[in-house]
Amino acid sequence: MNEKERDVIVETVSRVMIPFIQLYALYVIIHGSGGPGGGFQGGVVFASSFILYVIAFNLAGGRKRFPESANTLFSSLGLYIYGGIGLLAILFTRGMAQYLNYGFIPFTSHFEENRALGMDFVEMGIGITVMAIIASIFFDLAQREEPVGEKEEK
Amino acid sequence: MEWFIAKIFAKYNYWVSILLMMIGFYGIVAKDNLIKKILGLNIFQTAIFLYFISLGAVKGGTAPIVDEKIIQKGYLYANPLPHVLILTAIVVSVATTAVALSLVIRMHREYGTIEESEIIKKSSEGHQTGENSKVHH
Amino acid sequence: MSNFIEHLPLLTVVISLLSAITILIAGWIYKKIAWWISLVTHLSQFTFSLWILNHVLTHGPIHYRLGGWVPPWGIEYVMDPLNSYILVILLFLALFCLLYSKRNIEHELPKKVVSFYTVYQLLLTGLCGIVVTGDIFNMYVFIEIASLSAYALIASRGKIALRASFTYLVLGSIGACFFLLGIGFLYAVTGSLNMHDLSLLLPPFYKNRVVIAAFVFILVGLSIKMALFPLHTWLPDAHAFAPSEISAMLSGIIIEVATYAFIRVSFSVFTTQFLQLFPIFEILSWIAAGGIIFGSILAMTQMNLKRMLAYSSVANMGYIMLGVGLSTSTRLGLIPPLIHILSHALTKACMFLVAGAFIYKADLWYIKDLQGLGRKMPYSCMGFLLSALALLGLPPGVGFVTKWYLIIAALESKKYIFVGVIFLSTLLMVFYFWKVIEYIYIRIGEEGAKEIRIDEIPWSMLIPVMVLGSLCFIVGIVWLTEIPLPILDRVNSLFKLGRVP
Amino acid sequence: MIIPIDLILLLFVVILAITVIRLKDLLSAVILLGAYSFLMALIWVELQSVDVGFTEAAVGAGATTAFLIAAIARTTRWEKE
């Protein structure tokens, strides 16, 4: 997939498509708690925009746009958000509430609103991790040189 | 005939799920090619997902999204719990596929083939010389 | 304060997950810090597990509801004597494998240190999750997390380990799918996934064919994961070619955790009442007896030390499942298998770590290459000797205790043939361990021996070996004093075992 | 007689699954597996689980196919007899 002839139509179309795919992915992540979709699906859709970039242009360019360091950073950032939000519930109530009991995190004054906000944050965390990990799996599989190794799903 | 339709044919989802399981299992067991095995594994897993989703479906029901209008019209919701389970299982399945593919690629680099019988032959040749025991960085 | 203890089962899982990603980030900046972060996590997890065991024994089981959702709907973590006992063994062994791995991984996989410890922590997340959860689907998810990490860790040595790992992956995925299908059947009948809830809902359906099919699917699925005799084919290669500390983990605890999952499902979800309706456990004990003989015989024919130990693991899984199979028909209940889980974890981990020491020092894989090592590496060979003798059943080693209890169980349930099987397998065990000990200590200076200059392995690797080797006997003496037996009696009373029907 | 739409979809799914296993060309097999996943997603939407259908369309037909194609590009395209 490294060297190939450039195709003007594919390149132009994907240049237009990629921002829309990413916007749609964000929509899916944010609206995950109220309808179909969620962090995982949105993350996969977001990662598919990188895959489209690699298919339309080339692998090296894709890797430059989304380097490995960013990959590591994003995948752990998402998991920190996911794990941290749950721990916050324990911390804010000094051990009274259970893990992942978002209602007790004082974002706002309403219990249910807190719960919804907590879920949104968790979805975002999942989305970021899944995006980073799916992209990194694809890059590792497609790269011809030394692959980095196996990555785990969340 | 009516008995047949009511007892056997009406549950076609489950029959197809079992059929797909068998096809996938055949792919895993009988095919020599490692990528074919992974494809078989994928089919096997989706067959089980199909079984789960069929469990949650309700005749004449609707998707489990809460909406005022749907409640007023008196529709039934499908059971959403199997859906959530299958979402998790799909995550597991894609992770399994990714790990398996990375193993296949590394095996192709080491042995130059992705046919299982050839890999076994090559690695058992290494066995006799003690080659395989050495670590290759 | 007791409020804080309620959170501990969950924290053991969560800090392991968080430390995995912390290692990924921190190791990217400074490579050597990965091991230290892992060590701190392991130490705190181990402390937590001891704390939990103490709390469970003094105050009764812990029920923890994730997110505050009430059990039949939400996920529940339950700690009772059985899983707190397994959790302590699991984290104890993981801690020692981690200590051992510091130098060994730097030597074997110098380029992959950070990713090794990341995946190692994920493996531990999965294993702790299997043990603490009280929800059957959650258990499936954690089994898959643990297995996926195990595939990656086995494959990390490259070459033939790749093939072993792929075989394990395919078989393990089939097993997990069967387990999932069994869960699906149970859900179709009861509409619940919580284990306690299931055990309350199931009794009217005990004769239902769907429930029987569910049990069989779960049995077969978990048998693949725990390498029960006819389904063990992935095990020898995977154990033999993984990095040594992973071999020790695989043999010592990963397959035992699958056994725990089976014990949990068969006694907590299907109760003893269901198990006595059909001769399931009788068939299981015959299969296990076959596994004992088969594993022992194949272990005798192996030339490769780690492969021999792997086949010995097959035989020892047979011992554990024989104990489980006899558990419903004796007064001892689950005592023999639970003791053997601990014995096998200590002895086999110690032996795999010593085999790893030979590989670390001079890349010695075959038994015939080990000539005269008894003088060159006295302490690690002493560790091997101690654990081999303990597993053989030299009193007061741990193996003696398990065999003692197993024989009592077999006599009590009037299955005299199993006593013969245990004696025969001990005899075979003497043969194959004697071969190793003979080469290490007695055959010195024969021709054809590799002339190598070897000295003892580094201290950080030697300490785990020595501690595990000596614990093989110390724990055996502790068992014989019968002080810790009340823990296992609690397990029996939990499952209404330990009474003659 | 009205044939239910999911019966037709299921029939196609079975045909596709058999073809995937039987084909010697791995690339076409993988593409057909993508089609299989997509039809599976349709079946699931028909069975009232929009969420799973969406996920399968994104993951099964999208990501998994991309992974498999990447793997085939690095190994071989043809299965040996």
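Student: What makes E412(C) count as partly exposed?

Tutor: First, a reminder: this is a predicted model. E412(C) has a relative accessible area of 25%. Buried means under 20%, and exposed means over 50%. The value of 25% falls in between, so E412(C) is partly exposed.

Student: And why is R331(C) called exposed?

Tutor: Its relative accessibility is 52%. The cut-off is over 50%, so R331(C) counts as exposed.

Student: How do you know that E412(C) and R331(C) form a salt bridge?

Tutor: Look at the N to O distance, which is 3.3 Å. The limit is within 4 Å, so the pair qualifies. E412(C) sits in helix α17, while R331(C) is in the loop between α13 and α14, so the bridge ties together parts 81 residues apart in sequence.

Student: What makes E144(C) and K225(C) a salt bridge?

Tutor: The test is again within 4 Å. Here N and O are 3.4 Å apart, so these side chains pass. The pair links helix α5, which holds E144(C), to helix α8, which holds K225(C). They are 81 residues apart.

Student: Are E144(C) and K225(C) buried or exposed?

Tutor: E144(C) has a relative accessible area of 1%. K225(C) has 7%. Buried means under 20%, so both residues are buried.

Student: Why can such side chains pair at all?

Tutor: Opposite charges can pair when the charged atoms come close.

Student: What makes R264(C) and D80(C) a salt bridge?

Tutor: Their closest N and O atoms are 2.8 Å apart. R264(C) belongs to helix α10 and D80(C) to the loop between β2 and α3, so the bridge joins parts 184 residues apart in sequence. Both R264(C) and D80(C) are buried.

Student: How many salt bridges are there over all chains?

Tutor: A search of the whole structure finds 10. There is also a network of salt bridges, which links R163(C), D237(C) and R307(C).

Student: How do you know that the length of α10(C) is close to the expected one?

Tutor: Compare two spans. From first C-alpha to last, the 26 residues of α10(C) reach 36 Å. At 1.5 Å a residue, 38 Å is expected. The two values are close.

Student: Where is the kink in α10(C) centred?

Tutor: On L250(C), with a bend of about 40°.

Student: What makes α10(C) mostly covered?

Tutor: Count its buried residues. They are 26 of 26.

Student: Which residues form the covered face of strand β1 of chain C?

Tutor: I62(C) and Y64(C) do. H63(C) and R65(C) make the uncovered face. In a regular strand, side chains alternate between the two faces of the sheet.

Student: How do you know that β1(C) and β2(C) pair?

Tutor: Pairing needs at least two bridges, and these strands have four, so they pair. The sense is antiparallel.

Student: Which helices each supply at least two residues of the lining of the second largest pocket?

Tutor: They are α2 and α3 of chain B, with α6 and α8 of chain C. The lining has 19 residues. The largest share, seven residues, comes from α2(B). Among the residues nearest the centre are Y14(B) and F185(C). The volume of this pocket is about 710 Å³.

Key. Residues numbered from 1 in each chain as written. Chains lettered and ligands numbered in written order. Predicted model: local features only at pLDDT ≥ 70, side-chain atom pairs only at ≥ 80, totals over all residues. Heavy atoms only, no water. Buried < 20%, exposed > 50% of the residue type's maximum accessible area, 1.4 Å probe, protein only. Expected span 1.5 Å × (residues − 1). Bend = angle between axes of the 7 residues up to and from the residue. 1 Å grid on protein atoms, 1.4 Å probe; cavity = no way out; pocket = protein on both sides within 12 Å on 5 of 7 lines; lining within 4 Å. Points joined across faces, edges and corners; volume = space filled by probe spheres on them.
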